[in-house]
Amino acid sequence: MKRIYLKTFLITLAVFGATYMLLVFSSRISPAFYSAVGIMFAVMTPVAFIFSGRKRFGKFTRNMFGIVSGLFLWGFIGEFLEVRSHLVIADSMYLPVLLVLISMFIVMLLQNGIRKSYGFAFGHFFGIWGLHMWMIYQYEHLGKMHWSTYVSAGAALILGILAVYLTRKYRGISRKMALSLASLLLFWTVLEYVWGWRIIPGPYSI
């Protein structure tokens with residue numbers, strides 16, 4: 001079971017990093033290439049989502065397809081459309097929309113009204129959206145060096161470590177994968193804050 005956590009973490013991190021860097025560098029190469037990358041994510045999102053529901057795959061593989069689908073959806077809506085169409089869903093004005101969607105998502109999960117693999121897709125997307133929205137709010141309204149950014153980074157680090165610790169307490173593939181995904185998002189959030197503080201250069205400064 002320990003391997004489940006590590007495999008989920010490493011695979012998601014690899015796809016996460018590749019997606020992020022592809023968006024960064026394609027935007028610098030040419031508008032046409034950037035558009036091609038955006039279209040690719042738009043196509044790969046439903047493809048991965050469909051695969052996440054195929055019973056011929058094992059539970060781990062189905063959940064991973066769900067995780068990847070949620071990531072590609074964020075790459076298309078949260079990154080590509082933000083640049084091309086100025087649709088900034090991370091803006092705090094979209095908070096009511098996010099809260100409604102998350103509330104509906106939680107209700108469906110509690111009532112087992114959604115497949116777990118689909119839950120990973122939506123959960124990943126909402127997780128990135130929520131964490132990104134909070135960070136953007138701090139940066140735009142309080143400042144990148146505001147004291148609250150250090151508190152947020154510290155909280156993310158502690159919660160990420162807690163998620164790692166809890167993998168020893170819970171059994172089941174899906175629960176361990178969910179905790180692995182949560183820890184990755186929280187640790188990535190810490191990294192985003194470090195980039196924002198200019199302690200180390202981020203991808204957009206390379």
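Helices in this briefing are DSSP runs of H or I with at least four residues, numbered from the N terminus. By that numbering, His-86 is placed in the loop between α3 (59-84) and α4. The model described here is predicted. Its chain has 7 helices and 0 strands, and the order of elements from the N terminus is α-α-α-α-α-α-α. The radius of gyration is 17 Å, close to the 17 Å that the globule rule gives for 206 residues, so the chain is as compact as a globular protein of that length.

**Overall dimensions and packing**

- Taken along the principal axes, the box filled by the C-alpha atoms of the chain is roughly 40 × 40 × 35 Å.
- Buried residues make up 42% of the 206 residues of the chain.
- Among contacts in the chain with a separation of 6 or more, 73% come from residues 24 or more positions apart.
- The chain has an accessible surface of about 11,300 Å², and carbon and sulfur atoms contribute 71% of that surface.

- Helix α4 covers residues 95-110 and includes Val-100.
- The 16 residues of α4 should span 22 Å at 1.5 Å a residue, and the end C-alpha atoms of α4 are 22 Å apart, which agrees.
- A nonpolar patch on the surface is formed by Val-97, Val-100, Leu-101, Met-104 and Met-108, which together have about 400 Å² of accessible area.
- After α4 comes Asn-112, with a positive phi near 55 degrees.

**Helix α5**

- Helix α5 (residues 116-142) contains 27 residues, and the distance from its first C-alpha to its last is 37 Å, close to the 39 Å expected at 1.5 Å a residue.
- Gly-143 follows α5 and has a positive phi, near 115 degrees.

- Tyr-20 belongs to helix α1 (residues 2-29).
- The relative accessibility of Tyr-20 is 13%, so Tyr-20 falls under the 20% limit and counts as buried.
- Trp-197 is found in the segment after α7 (173-196).
- Trp-197 is buried, its relative accessible area being 14%.
- Leaving aside residues up to four places away in sequence, Trp-197 touches Lys-144, Met-145, Thr-149, Tyr-150 and Ala-153.
- One of these residues, Tyr-150, is 47 residues from Trp-197 in sequence and 9.6 Å from it in space, C-alpha to C-alpha.

- Most residues other than glycine have a negative phi.
- His-86 has a positive phi, near 55 degrees, and is not a glycine.
- In the loop between α3 and α4, His-86 is exposed, with a relative accessible area of 65%.
- Arg-198 is likewise not a glycine, and its phi is positive at about 65 degrees.
- Arg-198 is placed in the segment after α7, where its relative accessible area of 59% makes it exposed.

Note on methods
Residues are numbered from 1 along each chain as its sequence is written. This is a predicted model: local features need pLDDT of at least 70, side-chain atom pairs count only at pLDDT 80 or more; totals for chains, interfaces and linings use all residues. Side-chain values use heavy atoms; hydrogens and water are left out. Patches are made of residues with over 30% relative accessible area and no salt bridge: like charges are joined within 9 Å, nonpolar side chains (Val, Leu, Ile, Met, Phe, Trp, Tyr) within 5 Å. Accessible areas come from the Shrake-Rupley method with a 1.4 Å probe; for residues, only the protein chains shown count as cover. A salt bridge is a side-chain nitrogen of Lys or Arg within 4 Å of a carboxyl oxygen of Asp or Glu. Helices (H or I, at least four residues) and strands (E, at least two) are DSSP runs, numbered from the N terminus. The radius of gyration is taken over C-alpha atoms; the globule rule is 2.2 Å times the number of residues to the power 0.38. Buried means under 20% relative accessible area, exposed over 50%, partly exposed in between (1.4 Å probe, protein chains only). Contact means heavy atoms within 4.5 Å. The expected span of a helix is 1.5 Å times one less than its number of residues.
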